[in-house]
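My notes follow in the order I checked things.

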Amino acid sequence: MKKATILIYFFIAFVLCSCEKLYTDPRFDQIMETMDKSQINKFDATFIAGNWVSKRVTSELYEDGKLVETQDQTKYYSGMNMSLWRDGSIRINRTPIGSWKYAHNHLIYATSDFYFIYEVVLALPGVLILKSEERPTGIPRSLIAENINKGRHYFTVIEYVAE
């Protein structure tokens, strides 16, 4: 009886531990080649995993490194749900679409056709704020421009709250 109890205990522990391991999509290595790897993660990944609902979306325009315009874009993104599961999978509006990873203070998620990179501005219990630079088609999607202090740069900032 003791052996059976011990085996059951180890089986349950194994299942629980394996659930916490994030799936690593092989495309992430390729995607990360386009990123600035000098940044460190500022937040605990456990605050990023969860069920999120977009609360507010703004666009920001920077000229020569200075914020010159902010516009509320919430009505175009209202009610978008995003679930970042601890196993590394991501769901948008309850539909599985791919996998995610938190690295170099960026949330990266990949679908079968596309990938997205967002800077994690804030990740606390119940709050997640992501920011990405909008790039014209054909230009590699890198979150922070190589030199944000020159020219015009457009960003989208998405504020999520826990569902």
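I started with Lys131, which counts as buried because its relative accessibility is 15%, and the cut-off for buried is under 20%. I note that this is a predicted model, so every entry here is a computed value.

Next I asked which side chain Lys131 makes a polar contact with. The partner is Glu60, and the contact between the two side chains is 3.4 Å.

I then placed Lys131 in its element, strand β8. I found that β8 is mostly covered, with six of its eight residues buried.

I looked up the neighbours of β8 in turn. Strand β7, residues 115-124, runs antiparallel to β8 and is joined to it by five bridges. One pairing I wrote down is Ala123 with Leu128 in β8. β7 and β8 make a hairpin with two residues between them, and Gly126 in that turn has a positive phi of about 90°.

On the β9 side, I counted eight bridges to β8, again with the strands antiparallel. Here Glu134 stands opposite Tyr154 of β9.

Last, I turned to the largest pocket, which holds about 170 Å³ of space. It has 13 lining residues, and the closest to its centre are Tyr77, Met80, Tyr118, Thr156 and Ile158. I asked how the residues of the lining divide by type. Nine are nonpolar, two polar and two charged. β8 (127-134) and β9 (152-162) each supply at least two residues of this lining.

Terms used: Residues are numbered from 1 along each chain as its sequence is written. This is a predicted model: local features need pLDDT of at least 70, side-chain atom pairs count only at pLDDT 80 or more; totals for chains, interfaces and linings use all residues. Side-chain values use heavy atoms; hydrogens and water are left out. On a 1 Å grid over the protein atoms alone, a cavity is a set of points where a 1.4 Å probe fits but cannot get out, and a pocket is an open set with protein on both sides within 12 Å along at least five of seven lines; lining residues have an atom within 4 Å of a point. Grid points are joined across faces, edges and corners, and a volume is the space filled by probe spheres set on the points. Helices (H or I, at least four residues) and strands (E, at least two) are DSSP runs, numbered from the N terminus. Ala, Val, Leu, Ile, Met, Phe, Trp, Tyr, Cys and Pro count as nonpolar, Asp, Glu, Lys and Arg as charged, and the others, Gly among them, as polar. Buried means under 20% relative accessible area, exposed over 50%, partly exposed in between (1.4 Å probe, protein chains only). A polar contact is a pair of N or O atoms within 3.5 Å; within protein, one must be able to donate a hydrogen and the other to accept it, and residues adjacent in sequence count only if both atoms are side-chain atoms. Two strands pair if DSSP finds at least two bridges between them.
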